[in-house]
Amino acid sequence: MTLLEFARGPGLQGALIIFVVGVLWRLVGILLLKHKRDYNEPRYGGLWPLWGGFKMIFTRFWPRKPFQARTAYNETLGYIFHIGLAIIVFGGGFHILFIEDLFGVSWPHLPNDVIYLAGVVTLVAMIALLIRRLTHPVLRMLSNFDDYFSWLVTILPVVTGLMAVAHFGARYETLLAIHILSFELMLVWFPFGKLMHAFLFVPSRAASGYIMTRRGAST
Amino acid sequence: MSDATERYPIDTEQARVSVKKPEVRADEQGEMSDDERVALAMQHFAKDFGYTAAVHMDSCIHCGMCAEACHYYVPTEDPKYTPIWKIEVFKQAYKREAGPFAFFYKLFNLKPSVTADELREWQELLYDSCSVCGRCSMICPMGIDIASLISQARHGMFKAGLIPDELHAVAERAETEGSPLGAKPDVFEDRVEWMGDENDMEIPMDKEKADVLLTMSSIEIMKYPQSIAATAKVMEHLGLDYTFSTKGYEATNFGLLSGNIDWQRDMSMRIINAAIDIGAKYVILPECGHAYSALRWQGATMYGKPLPFKIRHISEFLAEQIEAGNLKLKQDNVAGSVTFHDPCQVVRRGGAIEAPRVVMDALGVDLKEMAPSRGFNYCCGGGGGVITIHRADDIRYKSFQVKMKQVEESGAERLVSSCSNCRQTFDDGQTHFNWDKTCESLLELVADNLVEE
């Protein structure tokens with residue numbers, strides 16, 4: 001079995017299993033905890049708290065006005081690299097073929113040049129965020145293994161993908177195999193660290209939205 | 001070189017030449033081993049741990065944005081004041097001991113176990129430099145309610161005997177004497193009688209039955225007793241059947257602030273039982289922020305079932321009565337422009353956001369809002385028990401400067417609020433900084449402007 005065959009076969013299967021089982025384990029482990037009954041008379045009862053919880057899932061995508069100036073750097077670069085990753089994953093011709101292989105669905109792809117540009121921009125934004133994490137006193141203090149490792153497993157597929165399309169450093173098949181393996185590493189790490197925010201942002205925001213809307217408090 | 005020279009080097013950089021300011025020293029209560037302290041802290045932190053706390057413990061992405069919302073971080077830029085960092089030790093313990101991947105964290109030792117010395121170090125962060133104002137919860141992109149997690153961590157710290165002595169002392173007084181500041185039942189009765197005499201009115205005490213039970217904050221009883229008369233005047237104006245009760249009058253809840261949930265329950269139950277005894281339909285909470293959080297949003301939790309009466313903060317009650325057309329106020333009798341300080345627990349976290357504005361509108365006040373205001377307003381810096389802790393004065397004054405700037409920039413001539421704890425924090429800051437603004441009470445403004453029939 002070549003490296004590429006491994007990456008496309010058992011490697012991918014194994015990574016997907018860990019990803020799915022791990023994500024479910026972590027979500028279920030939290031969601032099954034007791035929901036405390038709130039006997040305090042609500043300011044807004046009925047379906048309002050549910051609506052408030054649902055609403056907050058979306059309203060927290062963007063900082064409220066009083067906070068915008070102080071969070072502009074983080075927010076801008078954060079948005080750039082998240083959108084960049086989305087363009088690459090869901091717009092790239094290779095990736096759409098890969099998804100089609102797995103799930104049988106496909107859609108038109110974006111021009112390759114757009115994908116390469118998105119790759120480079122994403123790379124730059126992620127490096128800028130790493131530098132900030134290493135130099136900003138607050139971020140440096142908060143950061144632990146999870147932060148740096150999650151950064152690494154996210155940037156590796158971008159780097160190896162750009163290397164593969166540029167045929168840089170090794171045979172294309174080898175580069176492609178390394179690229180797929182780097183993506184699998186990300187899948188494997190995903191449930192254990194902060195990458196889980198891609199799922200957790202929903203229950204986390206909704207919980208606060210529910211409680212605060214019930215009180216009529218600020219959300 | 002002596003040991004002292006090494007431990008306390010002379011600091012020549014400051015205006016006052018002295019030995020270098022030592023690190024904050026942690027207070028301790030009770031005799032127990034370090035292991036016992038850690039075990040108790042973790043056990044009582046995890047007690048009552050529900051879904052919301054768990055999902056929030058698990059969701060932080062370490063973006064650091066909460067620091068930018070905190071009135072202790074903004075003026076100092078000291079990273080240790082980053083809100084989520086204040087629960088770091090408990091977050092670690094949760095992930096290692098209780099989270100869905102606890103076995104994984106333990107296996108690879110990704111989260112080291114917490115030590116008693118770390119808890120001691122964290123005492124300053126959990127008590128001296130957090131007023132539980134919840135502004136950080138407004139900025140968090142994951143929507144984490146950091147303030148509630150701080151309160152949860154305080155539950156652990158209290159049982160571990162690791163809270164600031166002053167806060168412990170006032171909480172203990174509140175539990176044993178009925179009031180944190182010496183407003184025992186007989187003192188309270190005296191002061192109500194005195195206020196009745198001063199204002200030529202009979203203020204009812206311990207009526208057997210009444211529709212409305214009034215409560216007071218000990219800060220008002222001891223420092224701003226006019227609030228007692230002001231509340232009674234409003235009740236008389238509305239023609240309501242009301243009373244004070246020596247069995248349940250103290251609305252502050254130092255059980256909540258210190259982190260002793262058993263005491264919190266005792267303190268809430270005094271009011272709840274008194275209200276049930278007299279068959280009250282309403283309990284009116286005074287101008288006090290955390291009293292509102294304690295009874296309005298946690299009272300029924302303490303009681304274990306829905307309460308048989310309604311609870312209103314006085315500002316909320318006034319607004320409701322104005323909107324119902326029952327409370328008639330003199331328009332345009334308040335001289336000068338006014339800015340309103342939103343008490344965090346009543347407004348941002350309590351939901352009585354527009355009520356004070358309804359009241360000020362009815363008074364015809366020229367209101368100049370602070371920027372930002374309402375749910376985004378900066379805390380006075382003294383909430384959450386911080387004002388009781390003397391060693392926290394430095395950081396509190398730094399945060400108070402943020403508040404003063406906000407007030408000044410509003411351009412208003414007068415400052416009004418509806419929380420007596422904020423009010424005393426403003427009084428203290430005013431003295432400290434020789435400031436020309438005195439914080440006034442919204443309730444007293446109303447009482448001074450009632451239309452006489």
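Author: Let's begin with Glu440(B), which, apart from its neighbours within four places in sequence, is in contact with Arg414(B), Leu415(B), Val416(B) and Leu445(B). Please keep in mind that this is a predicted model. Glu440(B) belongs to strand β10 of chain B, which covers residues 439-441. For a sense of distance, take Ala319(B): 121 residues of sequence separate Ala319(B) from Glu440(B), and from C-alpha to C-alpha the two are 18 Å apart in space.

Most peptide bonds are trans, and most residues other than glycine have a negative phi. Against that background, look at the bond from Ala371(B) to Pro372(B), which is cis, with omega near -10 degrees. You will find Pro372(B) in the loop between β8 (366-367) and α19 (393-410) of chain B. The loop between β8 and α19 of chain B also holds Arg374(B). Although Arg374(B) is not a glycine, its phi is positive, at about 55 degrees. Arg374(B) counts as partly exposed because it has 16 C-beta neighbours inside 10 Å.

Another positive phi, near 50 degrees, belongs to Asp200(B), again a residue other than glycine. Asp200(B) sits in the loop between α10 (185-198) and β3 (212-214) of chain B.

The largest nonpolar core has 176 residues, and the ones with the most contacts inside it are Cys66(B), Leu119(B) and Leu285(B). Helix α8(A) gives the largest share of this core, nine residues. Which residues surround Cys66(B)? Setting aside residues up to four places away in sequence, Cys66(B) touches Thr82(B), Pro83(B), Ile84(B), Cys136(B), Ile139(B), Cys140(B) and Ile146(B). There is also a second, separate core of six residues, with Phe81(A), Ala125(A), Ile155(A) and Val158(A) among them.

Chain A has nine helices and zero strands, and its C-alpha trace spans about 65 × 35 × 35 Å along the principal axes. Of the contacts in chain A between residues at least 6 apart in sequence, 73% join residues at least 24 apart.

In one pair, the axes of α1(A) and α8(A), the helix of residues 172-189, come within 9 Å and cross at roughly 10 degrees. The two helices are therefore roughly parallel to each other. On the side of α1(A), the residues that meet α8(A) include Leu3(A), Leu4(A), Leu12(A) and Phe19(A), while those on the side of α8(A) include Leu176(A), Ile180(A), Leu187(A) and Val188(A). Sorted by type, the residues of the contact of α1(A) with α8(A) are 14 nonpolar, two polar and three charged.

In the other pair, the axes of α7(A) and α8(A) come within 9 Å and cross at roughly 160 degrees. That is why α7(A) is roughly antiparallel to α8(A). The crossing of α7(A) past α8(A) is left-handed. Among the residues that meet here are Phe149(A), Val153(A), Pro157(A) and Met163(A) from α7(A), and Tyr172(A), Phe183(A), Met186(A) and Trp189(A) from α8(A). This contact of α7(A) with α8(A) divides into 14 nonpolar, six polar and no charged residues.

Our last stop is where the two chains meet. How many residues does the contact take from chain A and from chain B? It takes 46 residues from chain A and 48 residues from chain B. On the side of chain A that touches chain B, the elements that give two or more residues are α1 (3-31), α3 (65-91), α6 (137-142), α7 (145-165) and α9 (197-215). The largest share of that side, 11 residues, comes from α9(A). By type, the residues on the side of chain A that touches chain B are 21 nonpolar, 13 polar and 12 charged.

Conventions: Residues numbered from 1 in each chain as written. Chains lettered and ligands numbered in written order. Predicted model: local features only at pLDDT ≥ 70, side-chain atom pairs only at ≥ 80, totals over all residues. Contact = placed C-beta atoms within 7 Å. Helix = DSSP H or I, 4+ residues; strand = E, 2+ residues; numbered from the N terminus. Nonpolar A, V, L, I, M, F, W, Y, C, P; charged D, E, K, R; others polar. Axes fitted to C-alpha atoms, helices over the stretch in contact; angles between N-to-C directions. Parallel < 35°, antiparallel > 145°, perpendicular 65-115°, else oblique. Left-handed = near helix turned anticlockwise from the far one by under 90°. Core = buried A, V, L, I, M, F, W, Y, C linked by C-beta atoms within 7 Å. Buried ≥ 20, exposed ≤ 12 C-beta atoms within 10 Å, placed from the backbone.
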